[in-house]
Amino acid sequence: MIKARVTVTLKNGVLDPQGKAIEGALGALGFNGIGQVRQGKVFDLQIETADKAKAEADLKAMCEKLLANTVIENYTISLA
């Protein structure tokens, strides 16, 4: 069994209104000096295989087909 984490973030240059809202809310809560907030998604998965190469290939396919919108998002995969 392989544990994996997929992190999906917006590409540079893509507007991030949720990040801006978080940045404003942090300022309103008294956390000053916060800027350039970007939000993303994290997926933790457990894959029933011992083959790391297959797991990574399957994870890339999952990202390309469902987990990430590759037009506006980047993704990284880490295996444990």
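Reply: Start with what counts as a strand: helices (H or I, at least four residues) and strands (E, at least two) are DSSP runs, numbered from the N terminus. Two strands pair if DSSP finds at least two bridges between them. The model is predicted, so local features need pLDDT of at least 70 and side-chain atom pairs pLDDT 80 or more, while totals for chains, interfaces and linings use all residues. Residues are numbered from 1 along each chain as its sequence is written, and side-chain values use heavy atoms, with hydrogens and water left out.

Now the sheet. It is open, with three strands in the order β2-β1-β3, and the pairing is antiparallel. The edges are β2 (40-47) and β3 (73-79), each of which pairs on one side only. From one strand to the next, the twist averages 20°. Angles here run from 0 to 180 degrees between N-to-C directions; the axes are lines fitted to C-alpha atoms, for helices over the stretch in contact. In general, strands of a sheet pair through backbone hydrogen bonds, either parallel or antiparallel.

Helix α2 (residues 52-67) packs on this sheet. The helix touches β1, β2 and β3, and its direction makes about 155° with that of β3. Contact means heavy atoms within 4.5 Å.

V8 shows both sides of the arrangement. Toward β2, V8 stands opposite K41. Toward β3, V8 stands opposite Y75.

Charged pairs come next. Side chains of opposite charge can pair when their charged atoms come close. A salt bridge here is a side-chain nitrogen of Lys or Arg within 4 Å of a carboxyl oxygen of Asp or Glu. The structure holds three of them.

One joins D44 and R5, at 2.6 Å from N to O. It links distant parts of the chain: D44 sits in β2, R5 in β1, and 39 residues separate them. How covered are the partners? Buried means under 20% relative accessible area, exposed over 50%, and partly exposed in between (1.4 Å probe, protein chains only). D44 counts as exposed at 52%. R5 is partly exposed at 41%.

Another bridge pairs E73 with K41, their closest N and O atoms being 3.4 Å apart. This pair also links distant parts of the chain, with E73 in β3 and K41 in β2, 32 residues apart. E73 counts as buried, at 12% relative accessibility. K41 is partly exposed, at 35%.

There is also a bridge between D58 and K54, with the closest N and O atoms 2.8 Å apart. Both residues lie in helix α2, four residues apart, about one turn of the helix. D58 is partly exposed at 29%, and K54 is partly exposed at 44%.

Follow the chain out of β1. V14 lies in the loop between β1 and α1 (17-28). Setting aside neighbours within four places in sequence, V14 is in contact with R38 and I72. V14 and V71 are 57 residues apart in sequence, yet their C-alpha atoms lie 10.0 Å apart in space.

Last, the whole. The protein chain has two helices and three strands. Along the sequence they follow the pattern β-α-β-α-β. Of the contacts with a separation of 6 or more, 69% join residues 24 or more positions apart. Buried residues make up 21% of the 80 residues. The radius of gyration, taken over C-alpha atoms, is judged by a globule rule of 2.2 Å times the number of residues to the power 0.38. A compact globule of 80 residues would come near 12 Å, but this chain has 16 Å. Along the principal axes, the C-alpha atoms fill a box of roughly 45 × 25 × 15 Å.
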